[in-house]
Amino acid sequence: MNFLSKIFVAFAVISAGQSAASAGVVIGGTRVIYDGNKKEASISVNNPDSTPYLIQSWVETQSGGVEKAPFVITPPLYRLDKGQQNVERILLAGSAPQNKESLYWLNIKAIPSSGNQIENSLQIAVKTRIKLIYRPASLKGTTPEQLADKLIWQRAGNQIQVTNPTDYVMNFNEITVGGKKLEDVSYVLPGSTTRFNLPSGISNGSVIYKIINDYGGTGETHKSDI
């Protein structure tokens with residue numbers, strides 16, 4: 001028996017620009033900011049590939065637990081043929097905090113058609129997960145970038161601790177402490193504290209950081225002493 005076969009593995013790639021890609025499916029953004037002043041938010045899904053895909057989308061809470069997120073997506077399930085684009089609409093269908101931003105996860109799964117499957121090949125469905133941030137109407141007129149200097153930084157053993165006194169989710173692009181760049185930085189929620197591991201042998205020094213803006217780009221450089 002010949003065990004040599006071609007294995008086609010679809011994979012998710014978040015680009016440095018304004019889109020995310022899952023194999024042949026291109027998602028029109030790396031995050032969604034839901035403006036509470038509007039009735040809905042939207043994101044496009046494109047298929048430049050030759051293979052048709054079944055697209056399934058849903059929203060999860062920040063923890064990814066069993067609790068239901070207060071959003072619905074329409075359409076939640078559809079076929080996307082070669083060269084087609086569809087716009088998914090995200091609607092608030094429950095209660096979300098109205099005094100601060102809240103973080104959810106938008107999941108978009110691309111399931112390749114089995115009709116075009118090559119012999120001895122394996123086609124795998126891919127799920128892309130991007131941030132969905134609900135910004136209530138009460139926060140109109142301000143962005144996270146404008147308040148990034150308000151973050152409070154402290155050394156905590158072999159970790160760096162950041163406290164967010166603002167009402168906005170702060171998503172970090174990069175953090176450098178004492179001239180050394182940290183790995184696996186993420187975000188800090190409104191009114192919360194997050195810790196990141198420090199590289200070994202690091203000494204106290206300035207914290208230099210950049211956050212990700214509403215469009216998925218990198219904001220200005222901010223500095224704080226610890």
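**Ground rules**

Here, buried means under 20% relative accessible area, exposed means over 50%, and partly exposed is anything in between (1.4 Å probe, protein chains only). This is a predicted model, so local features need pLDDT of at least 70, side-chain atom pairs count only at pLDDT 80 or more, and totals for chains, interfaces and linings use all residues. Residues are numbered from 1 along each chain as its sequence is written, and side-chain values use heavy atoms, with hydrogens and water left out.

**Salt bridges**

The whole structure has five salt bridges (a side-chain nitrogen of Lys or Arg within 4 Å of a carboxyl oxygen of Asp or Glu). One of them joins Glu 40 and Arg 89, at 2.7 Å from N to O. Glu 40 sits in strand 5 and Arg 89 in strand 9, so this contact ties together parts 49 residues apart in sequence (strands are DSSP runs of E, at least two residues, numbered from the N terminus). Glu 40 is partly exposed at 29%, and Arg 89 is partly exposed at 36%.

Asp 214 pairs with Arg 135, with the closest N and O atoms 2.9 Å apart. Arg 135 is buried at 10%, while Asp 214 is partly exposed at 22%.

**Arg 129**

Arg 129 also bridges to Glu 60, at 3.7 Å between the closest N and O atoms. The charged end of Arg 129 sits over the ring of Trp 105, 4.3 Å from its centre (the cut-offs: NZ of Lys or CZ of Arg within 6 Å of the ring centre and within 35 degrees of the ring normal).

Key
Helix = DSSP H or I, 4+ residues; strand = E, 2+ residues; numbered from the N terminus.
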